[in-house]
Amino acid sequence: MKVGELSARELGQALRGPGLRVATGPFQCRFGSDIAAVGPELARLYAEHELVAADDSFIDFHVRVASSGGLRRWIRPQALFSVDAVTPFSPLPRSQALAMLEWGLNWCVTAYCHHQLVLHAACVARAGRAMILPAPPGSGKSTLTAALVHRGWRLLSDELTLVDYDAAHLNGTTRPVNLKNDSIGVIARFAPEAVLSRPMHDTSKGTVALMAPPPASVRAAAEPAVPAWIVLPRWRAGASARLTPLEPGAAFMQLAENAMNYHLLGATGFEALGRLVDRCEAWQFEYGELDEAIAALDAFAPLGPKGAA
Amino acid sequence: MGPAVLSPSGPWSLAPPPAGRLSKDVPDGRLLFDADSGTTRLLSPLGVFIVELLERQRGACSTAEIVRAVHLEEPESSNHECLSAVETALAELVDARLIAARRPS
């Protein structure tokens, strides 16, 4: 059964009570919240995700975003994120509860998942071959990812790419894409079919909206992809799409800078990253316009006759 | 007795590798990982050339000898260009604790 098949009442009861148990790629998460506005938004963003049966297997993350107590229930109300009853962050305005839940879940993966190399990178795939897009904030990574997954590429992840130590496969969590500021309108116009949350204003990242992963990406979430390309995107107003080869050593250093647990893993991380670089072609990519950018990246992996991602 | 004064012109020799150092050769140089410090570096191709030169020599080389060896590989470059590049690479290698200047005996 999928999240989207629950009635609003069932969803609300689950969130307030035993939790909404959702499969997100290799992880099983239990969401909880007593904030009424969170439920309908989660239902839209995770509509295609499978529910995990209550008596089924292990839950990786028990995450909750709840109203703060005391005066903050009514005056400038706040929301507090917790995982397994631990509250790692300061509260945020309650209007940002949904974003907090997603950011908190990213933190969980980063903090606890050291059985894989965790890259701060988006990842998309086509025909089973994956493109890793590591980039700092402001580089246009999420905008490009959101656009690609509405033009035939499969979303593995917008934020965290999970690399097996042997670097033979990449896994994604196929969770919502985090769009910021002008990117929200850009994607709303570029892909009118995209399912977007309401905008959340005045967050630490500016105005934020979450985009639901396309249904085809969610259906394929359990399928790993083979690493094939590393592309470092950089958006520049008015720039023509331009790919510049990046040497493997330079690519390694860029990935190491963008790896969340590289230093923790020590020699294992070095070797895993080395294998990943061996398996991929690496490029720097400047772009200014989405259609042109997608045409340039499509050339890596033309769609087959069935158009399968 | 004060600290040893090392000659900036060498002679240079390979430093003993620290325990737990890993390396990986790539087309644009050599990746090095020091487990002790957790530091990762990308050694330039010229840095790799100098390390391999010192390995072959099994002894020390002065800066001038290294410049001559580089110039043989890059005959179109001027001596000045070679010296400048070698000095940069030597600084990189010292910083990576791959080489050390040996006091003349």
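In the predicted model, the interface between the two chains brings twelve residues of chain B into contact with twelve residues of chain A.

The secondary structure of chain B consists of three helices and five strands, which follow one another from the N terminus in the order β-β-β-β-α-α-α-β. Of the 105 residues in chain B, 27% are buried, and among the contacts in this chain between residues at least 6 apart in sequence, 55% join residues that are at least 24 apart.

Two packed helices are described by the angle between their axes and the distance between the axes. The axes of helix α1 (residues 45–57) of chain B and helix α3 (residues 79–95) of chain B come within 9 Å and cross at roughly 75°; because angles of 65 to 115 degrees count as roughly perpendicular, α1(B) is classed as roughly perpendicular to α3(B). The contact involves Leu46(B), Gly47(B), Ile50(B) and Val51(B) on the side of α1(B), and Ala85(B), Ala89(B), Glu92(B) and Leu93(B) on the side of α3(B). By class, the residues of this contact are six nonpolar, one polar and one charged.

Chain A is divided by the domain assignment into domain 1 (3–112) and domain 2 (117–298), and the C-alpha centres of these two domains of chain A lie 24 Å apart. The boundary between them places 18 residues of domain 1 of chain A in contact with 23 residues of domain 2 of chain A. On the domain 1 side, the elements giving two or more residues are α2 (38–45) and α3 (97–112) of chain A, with α3(A) supplying the largest share, six residues. The residues on this side of the boundary divide into seven nonpolar, seven polar and four charged.

Confidence in chain A averages a pLDDT of 92, and 95% of its residues score at least 70. In this chain, the lowest confidence is assigned to strand β10 (residues 170–171) of chain A, with a mean of 90, and the highest to helix α9 (residues 267–279) of chain A, at 97.

Backbone geometry in chain A was examined at two loop positions. Most residues other than glycine have a negative phi, and most peptide bonds are trans. Asp84(A), in the loop between β4 (78–83) and β5 (92–93) of chain A, has a positive phi near 50°, and Thr174(A), in the loop between β10 and β11 (177–180) of chain A, has a positive phi near 45°. As to their surroundings, Asp84(A) counts as exposed because 12 C-beta neighbours lie inside 10 Å, whereas Thr174(A) counts as buried because 27 such neighbours lie inside 10 Å.

A further position in chain A is Ala216(A), which is found in helix α6 (residues 215–219) of chain A. With 15 C-beta neighbours inside 10 Å, Ala216(A) counts as partly exposed. In sequence, Ala216(A) and Met260(A) are separated by 44 residues, and their C-alpha atoms are 28 Å apart in space.

Notes
Residues are numbered from 1 along each chain as its sequence is written. Chains are lettered from A and ligands numbered from 1 in the order in which they are written. This is a predicted model: local features need pLDDT of at least 70, side-chain atom pairs count only at pLDDT 80 or more; totals for chains, interfaces and linings use all residues. Two residues are in contact if their C-beta atoms, placed from the backbone, lie within 7 Å. Helices (H or I, at least four residues) and strands (E, at least two) are DSSP runs, numbered from the N terminus. A residue is buried if 20 or more other C-beta atoms lie within 10 Å of its own, exposed if 12 or fewer, and partly exposed in between; C-beta atoms are placed from the backbone. Domain bounds come from an automatic or database domain assignment. Ala, Val, Leu, Ile, Met, Phe, Trp, Tyr, Cys and Pro count as nonpolar, Asp, Glu, Lys and Arg as charged, and the others, Gly among them, as polar. Axes are lines fitted to C-alpha atoms, for helices over the stretch in contact, and angles run from 0 to 180 degrees between N-to-C directions. Angles under 35 degrees count as roughly parallel, over 145 as roughly antiparallel, 65 to 115 as roughly perpendicular and the rest as oblique. pLDDT is the predictor's confidence in each residue, from 0 to 100.
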